[in-house]
Amino acid sequence: MPRIPPDIWAELFYDGAWRDVSRDVRAVQTVGVTRGLSSESAGEAEPVQGELSLNNRGRRYAPRDPASVIFGKGRNTPIRYGYHVGSPWAQSDGTGTNGMTTPHNAAFSVTDLDLRMDLALEDWTEQQGLASRWVAAGNNRSWGVYMGGTGLIGLVWSPTGTATTITRFSSVPVGAYNGQRLTIRITLDVDNGAGGYELRIYTGRTVDDTEWTLLGEPLTGTSTTSLYAATAGLEFGDHSGLVLNMLNGKAFALRLMTGINGTTATRMTTRDASPGASSFTSGGAAWTVVAPTVLTNKHTRMSGEVPEWPATRDRTGNDSVVSIAPAGVTRRMDAGTKPQDSALLRYIRDSNPIECWPLTDGPEARSGAALLGSRPAAPLEGSFGYSWGQGELAEWVEPVFRMNDSGGARMVVPLPSSGTADDGWSVDFSFSTVRSQFDLSAKEVGADATVRTWTISLIPSTNQIFLTAITLTGTTTVLDNAVVAVFGDDRPHHVRMTTADNSGSADYFVYVDGVLVISGNDTDPPVQLESLSALWGLGGTVTEMAFGYLTYWGNTAPTARSVYDALTGFQGERAGARIERLAAESGYTASTAGETAQQRRMGIQDRKKLLELLNEASKTNFGYLVEARDRNELIHRGHTTLWNQPPAFTLDFSAGLVQSYKCRDDDLLTENDVAVEREFGAVPSRQILESGDLSVQDYPNGVGRYDKEYTYSLHTDADAAHTASMRLHMGTYNGVRFTRLTLDLANERVFQMIDDILRADVGDMIRLTNLPTEHGPDDVDVLITGYTEAADDKQWRITFNCVPGQPWRALVAGSDVYSRLDTAGCELAENVDASETSVDVLTTAVKRWVDSATYPAEFPFDVRTGGEVMRVTACTGTTASQTFTVLRGVNGVVLEHSTGDAISLANPVYLTL
């Protein structure tokens, strides 16, 4: 039964620990949170915003009062709060031998494995046990499932019960953000009929799903296998047979089948338990909760920071309340106006060089400051023909030092000492537009005062790079040279020289743009460098040669390729990887949901504000970037997690489950002429809907032109075409848009769904059924883009902000639901009255409908014409003219139709990005 106000808890973090402040929460005043996108047209999420009032009698929450618990540390104090409500889950902290166990049952000994586990791991890349039937003592091993530590899911099994086992891992990481809840399904076909076994790993939403997403590729073996019929019990949240961390996160449900898609051998759900219980019965089996695992229903609905503590008193002065407005971490990210440093500067700084001289000092500089505080780099006295802050490596990199004309100028850079360079070092520099010889020399001074100078010479007249060594005696040896046509193309380039000790001699390597061009060995071992010097303009003309990012590394330098990638703005980087990297570089945590290989590739990382860069990547990946609700982190849901979702829950309008709603059937989001320009790219790609109800044709053949132009960070110009097509697809959805749905959580019928409602998050889907007739006869799917919830002593409500979900149905080969393609053009070949069940159709496109004689397994399927959905049970004819046998009014609508009316699949699917 619901109660108002709900059982609210709250915690503040101070003095190194989370402190319970639930007793001080004023539940008669609003406790709430707003999260995600604020409207259907919002381009990105606002910072999470909370609302909470605390009793301040005794001045407990007064940062300026020495007696306060937050004295001297009030600003941006971490806070989290939520409810104790609904069914529990098993919470494990990854320590000890924990989880839930049930004794052996003969039904557990299956031939083929089909196991489903509903989990939410704190970190899906952390090594930990998930479930097993595995006892080493007495050779009682059957199978175990665990996370391999890199996001890969592993299955280990024994055909004999002994230590002779087989272990296989998923071919790709699971691709889930920290704390994300999903279901893992593992099937092992011990005899696939081809002389081997086949292991498949899937993801889904619940253990009862009928449609699953295959994770990576099926894994096969060259011979058949088997699962030992162990008498070990079933462990969930542990794999005691292996030396692993225990499950760190939440466990909700487990289902073991008698075979692949067989009947249920056992089905456990923590919804059958009570919070705090040490044991419970579910699916006819007794389960024991092993400490420190606990059953809890403590939902976190907001995690953030308190930027200020505004206290108020009543007239008597006896009652004091602090009404706070906690906010998420993106509030601080977006507080300033300074753009981020270039990708190159950020990458070098975070990769721990011995020292770096970016040479990005301003026009009035006289020397180049060192990144880590060493002595500056400066041209020697008498040098001329240069300017500070005028060189351009690339538009997205800070202006650097520029050599202007001839004159024989030299720059000397003294180097700090570092033990990491004792047995090898690397030196990097970046440049663009070299028109006359440029030399960079690295000077080694040994313990016996012997000197060796390595010189890299760029010779644009012959498109060559030379490596020369000069000893103390003055002997000059040209070690090698290579042809590299990189000098006059006005693009940024990177050169690295590396030495490494090889049993008392020095191996040397020269890289240009991350590619090895020179390598060899010198007889003397490498030692630390004393100095670097650059020489330019000897006997030639230098025209705007840009030079910068002179970097000295020890023996743990990042690869030359990675530095070049940073110089060129990490072009081609996956969107999720960019989000995670950018956040980490700035001291934040971000994690991404969606398979890495399916994330879209990014264009050049420009110098923008951090949050702008993060949202740019999320936008390119057609996903959502929001703050996690249970931790101060960012999470990104990529587009692959949005396609073909099962609903988080279903709302039946006829049952009174929706308190209020807002819907629109207008042109606000219409886009039928879309141009997308790639940032730093060529001409925009344009996609136009030429025909159809929402086409650019004038009424009544269309709605007229709605043109939009966008700029995206994209890897290639071809990606611009794909992006424009996706925007056109989203902008020509022809249906009612339910933009807001408000649910009264204190309504008993709604409260019965509280577990599913509180699970629902940004990017999840809601299905709306039995809608008012004015909105049409069909069910409507919507995606959650944000929500606001509020509770006090009078109400407890949640309002979801939504966008249409129908455009997110993707073609999936082999799927029972999503594998059928439309004809792309078909019409009625006769008038059809309200009772006719034999319907003649004419396909006007290239591909006709399948006929039931040739493809009987493809029937039935649903088609739509004039608002009526018919179920096609048979189809005759093998030409463009065919006849359907139909069941009328599947959606409750039966109408008369005319020759020429369009007929198409009732539930079409689309090609994904």
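Which side chain meets E122 in a salt bridge? I looked this pair up first, and the partner is R631, at 3.3 Å from N to O.

**Ground rules.** I am working with a predicted model, where local features need pLDDT of at least 70, side-chain atom pairs count only at pLDDT 80 or more, and totals for chains, interfaces and linings use all residues. I number residues from 1 along each chain as its sequence is written, and side-chain values use heavy atoms, with hydrogens and water left out.

Entry 1: Side chains of opposite charge can pair when their charged atoms come close. Next I asked where the two partners sit. E122 lies in the loop between strand 7 (113-121) and strand 8 (128-135), and R631 in the loop between strand 40 (624-627) and strand 41 (634-637), so this pair ties together parts that are 509 residues apart in sequence. Helices (H or I, at least four residues) and strands (E, at least two) are DSSP runs, numbered from the N terminus.

Then I checked accessibility. Buried means under 20% relative accessible area, exposed over 50%, and partly exposed in between (1.4 Å probe, protein chains only). E122 is partly exposed because its relative accessibility is 27%, while R631 is buried because its value is 13%.

**Entry 2: R301 and E789.** I found another salt bridge here, at 2.7 Å from N to O. R301 belongs to strand 21 (residues 294-306) and E789 to strand 49 (residues 780-791), so the pair joins parts 488 residues apart in sequence. R301 is buried at 3% relative accessible area, and E789 is buried at 2%.

**Entry 3: E671 and R727.** These side chains meet in a salt bridge at 3.2 Å, N to O. I traced E671 to the loop between strand 43 (660-664) and strand 44 (673-678), and R727 to helix 6 (residues 717-731), 56 residues apart. E671 is buried, at 6%.

**Entry 4: a network.** I also saw R346, E573, R578, R581 and E585 linked in a network of salt bridges.

Entry 5: I followed an open sheet of 7 strands in the order 25-28-37-30-31-32-33, with antiparallel pairing. Its edge strands are strand 25 (378-379) and strand 33 (476-483), each pairing on one side only. Two strands pair if DSSP finds at least two bridges between them. Strand 25 pairs with strand 28 (residues 409-414) over 2 bridges, in the antiparallel sense. What stands opposite P379 in strand 28? I found M411 there.

How values were computed. A salt bridge is a side-chain nitrogen of Lys or Arg within 4 Å of a carboxyl oxygen of Asp or Glu.
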